[in-house]
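Could you walk me through this structure, one spot at a time? I'm new to it and would like a plain, friendly tour.

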Amino acid sequence: MTMTETDSQERYEDVPPDPERIVEGLRDTGYDFNTAIADVVDNSIAANATVVDIRVAQHVNGSIRISIADNGSGMDEEGLRNAMRYGARRRSDPKSLGKFGLGLKTASTAFCRRLMVTSRDKAQGEVRRAHWDLDDIAKRGYWQLAWSTPDTNTLAQLNQVALDGSGTVVVWEKVDRLMKDYTDPSGTHASKALQKRVDQLRRHLAMVYQRFLDPADSRERHATIELNGVKVD
């Protein structure tokens with residue numbers, strides 16, 4: 001007797017992807033620095049933020065820390081967990097640029113190896129922080145999201161922007177792909193090149209979010225974006 005397709009038996013088993021291979025592979029999805037930052041800012045806009053504060057800081061040893069804070073709706077624990085999930089659930093806002101639930105993670109890890117997101121969903125509410133560290137993922141070999149206590153700098157920026165209300169801060173640390181062409185990341189040439197990147201980012205944000213930045217444009221609500229303490233016009 002010939003076994004038909006309906007007679008065949010199937011079995012299923014979990015074959016999870018290798019975490020290290022996946023996160024390293026997703027670093028090469030084609031982001032440039034300007035679009036990566038704009039992708040994160042889009043999350044702030046989608047959260048109805050009216051203030052977005054972007055800081056690109058270079059320490060004396062050349063290491064770079066980038067933070068994007070907003071006074072949007074913020075996230076509770078489950079919301080933060082979903083935001084950090086690769087393949088997060090679809091947003092309810094049809095105008096949002098996020099379509100596949102990957103933007104925050106892939107945009108960030110295209111340039112950094114540690115992505116930290118701190119959020120508060122209501123005034124005087126609990127502040128939560130979750131982070132992905134690519135080196136930690138490689139070491140552990142599991143999709144284990146880390147939860148930790150926010151540092152004082154992040155809390156200060158959150159409170160300054162959100163004024164003790166709801167808001168979110170996205171932080172990039174271990175930034176290894178922004179100034180990778182410089183053997184001395186703390187040198188004068190690298191510092192000047194970083195400033196040039198910041199200037200280019202300012203122009204990009206002004207173009208992408210023109211409707212929000214122009215108080216006279218009634219097509220969108222007005223929002224303020226600051227980059228290193230200077231308002232983006």
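Predicted model: local features only at pLDDT ≥ 70, side-chain atom pairs only at ≥ 80, totals over all residues.

Asn-34 sits in helix H2, which covers residues 33–46. Is Asn-34 buried or exposed? With a relative accessible area of 18%, Asn-34 counts as buried, because the cut-off for that word is under 20%.

Next stop, Ser-119, which you'll find in strand S3, residues 112–120. Ser-119 is buried too, and its relative accessible area is 0%. What does Ser-119 touch? Not counting residues up to four places away in sequence, the list is Gly-74, Met-75, Glu-126, Val-127, Arg-128, Gly-167 and Thr-168. Two of these names come up again when we look at the side chain. The side chain of Ser-119 reaches the backbone nitrogen of Met-75 at 2.8 Å, and it also makes a polar contact with the side chain of Thr-168, again at 2.8 Å. For a sense of scale, Val-208 is 89 residues from Ser-119 in sequence, and the two are 25 Å apart in space, C-alpha to C-alpha.

Now follow the chain to helix H3, residues 77–84. Asp-76 caps the N-terminal end of H3, with a side-chain oxygen 3.3 Å from the backbone nitrogen of Glu-78. Which residues of H3 are buried? They are Leu-80, Asn-82, Ala-83 and Met-84.

Methods. Residues numbered from 1 in each chain as written. Heavy atoms only, no water. Helix = DSSP H or I, 4+ residues; strand = E, 2+ residues; numbered from the N terminus. Buried < 20%, exposed > 50% of the residue type's maximum accessible area, 1.4 Å probe, protein only. Contact = heavy atoms within 4.5 Å. Polar contact = N/O pair within 3.5 Å; in protein donor to acceptor, adjacent residues only side chain to side chain.
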